[in-house]
Amino acid sequence: MARKFFVGGNFKLNPVSREQKKAIVKVLNEAELDDAVEVVIAPPSIYLLSLLELVRPSIKISAQNCYSKSSGAFTGEISAAQLVDAGVPYVILGHSERRTLFHETSEIVAEKTKAAVDAGLSVILCVGESLAEREAGVTAKVVESQLEPVIKLLNEKDWSNIVIAYEPVWAIGTGKVASPAQAQETHHDIRAYLSKAVSQDVAESTRIIYGGSVSAKNCKELATLPDVDGFLVGGASLKPEFVDIINSKKVA
Ligand code: PGA
């Protein structure tokens, strides 16, 4: 089954003003985009509703987080059900910044993922190893241990709503992108693990995208790799070069 190329923009805690937001929207709305690519942008929650209105309909909107409970006494949280009700189709879960700065364990990420899928959201599920873990040669193990609790909670059919983002922590925001060989090897390992732990069908149909210092310069080569089905872009998604990354598969 062909996997549709996927490019996500993770805006993180940006833009910091409505003016900046307008400038980003202008670039995206006026650009010529490869229509064979699924494009999703993830702004901070305060901008979700306005971007749903302002951005061209071919670009989907994603939240950057949600809680595992649907309502109740959970100050500061936002639920999957609320996102669905607002018309937001995607959520990013398990980003390394949430795992490290906000202490989200793989079990918490798995619970959120299950709640999100049950509520009707699609999930961009992030995994990735630290520099020390890569240097110790345990990348595949680490990524598997992050996926395992999710695999335990999801049904096989739930996987049609999951995109896995492989994001080595040492490559996020550092300008140090994984080499094509490193990306391909880990994506291939993740697919092999899905095949063993879930099913061959899920392994073949699940998109595995790469994130970590993706730029207009390095995206073209990474996009040619057989197990790289797209990108999750942080810093560069706020700049006009995001358009070049979306179009990375397009032959000039
Ligand atoms: P980066 O971030 O592209 O700025 O490295 C990627 C991410 O954190 O999703």
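Modeller: In this predicted model, the axes of helix α7 (residues 139–153) and helix α8 (residues 180–197), which are lines fitted to C-alpha atoms over the stretch in contact, come within 10 Å and cross at roughly 40°. Local features need pLDDT of at least 70 and side-chain atom pairs 80 or more, while totals for chains, interfaces and linings use all residues. Residues are numbered from 1 along each chain, and side-chain values use heavy atoms, without hydrogens and water.

Biologist: Why are α7 and α8 called oblique to each other?

Modeller: The angles run from 0 to 180 degrees between N-to-C directions; under 35 degrees is roughly parallel, over 145 roughly antiparallel, 65 to 115 roughly perpendicular, and the rest oblique. The axes of α7 and α8 cross at roughly 40°, and α7 and α8 are therefore oblique to each other.

Biologist: How do you know which residues of α7 and α8 meet?

Modeller: With contact taken as heavy atoms within 4.5 Å, Thr139, Ala140, Val143, Glu144, Leu147, Glu148 and Ile151 in α7 meet Thr186, Asp189, Ile190, Tyr193, Leu194 and Ala197 in α8. Sorted by class, this contact of α7 with α8 has 8 nonpolar, 2 polar and 3 charged residues.

Biologist: What makes α5 oblique to α7?

Modeller: Helix α5 (residues 106–119) and α7 pack at an angle of about 40°, and their axes are 8 Å apart. That angle makes α5 oblique to α7. Here Ser106, Glu107, Ala110, Glu111, Thr113 and Lys114 in α5 meet Ser145, Gln146, Pro149, Val150 and Leu153 in α7, and by class the contact of α5 with α7 has 4 nonpolar, 4 polar and 3 charged residues.

Biologist: How do you know how many residues surround the ligand?

Modeller: A residue is counted if one of its heavy atoms lies within 4 Å, and 13 residues surround the ligand, the closest being Lys12, His95, Glu167, Gly173 and Ser213.

Biologist: What makes the phi of Lys12 worth a remark?

Modeller: Most residues other than glycine have a negative phi, and most peptide bonds are trans. Lys12, however, is not a glycine and has a positive phi of about 55°, and Ser213, also not a glycine, has a positive phi near 60°. Lys12 is found in the loop between β1 and α1, whereas Ser213 lies in the loop between β7 (207–211) and α10 (219–223).

Biologist: What kind of peptide bond joins Asn14 and Pro15?

Modeller: That bond is cis, with omega about -5°, and Pro15 is found in the loop between β1 (6–10) and α1 (18–30). The helices (H or I, at least four residues) and strands (E, at least two) named here are DSSP runs, numbered from the N terminus.

Definitions and conventions: Ala, Val, Leu, Ile, Met, Phe, Trp, Tyr, Cys and Pro count as nonpolar, Asp, Glu, Lys and Arg as charged, and the others, Gly among them, as polar.
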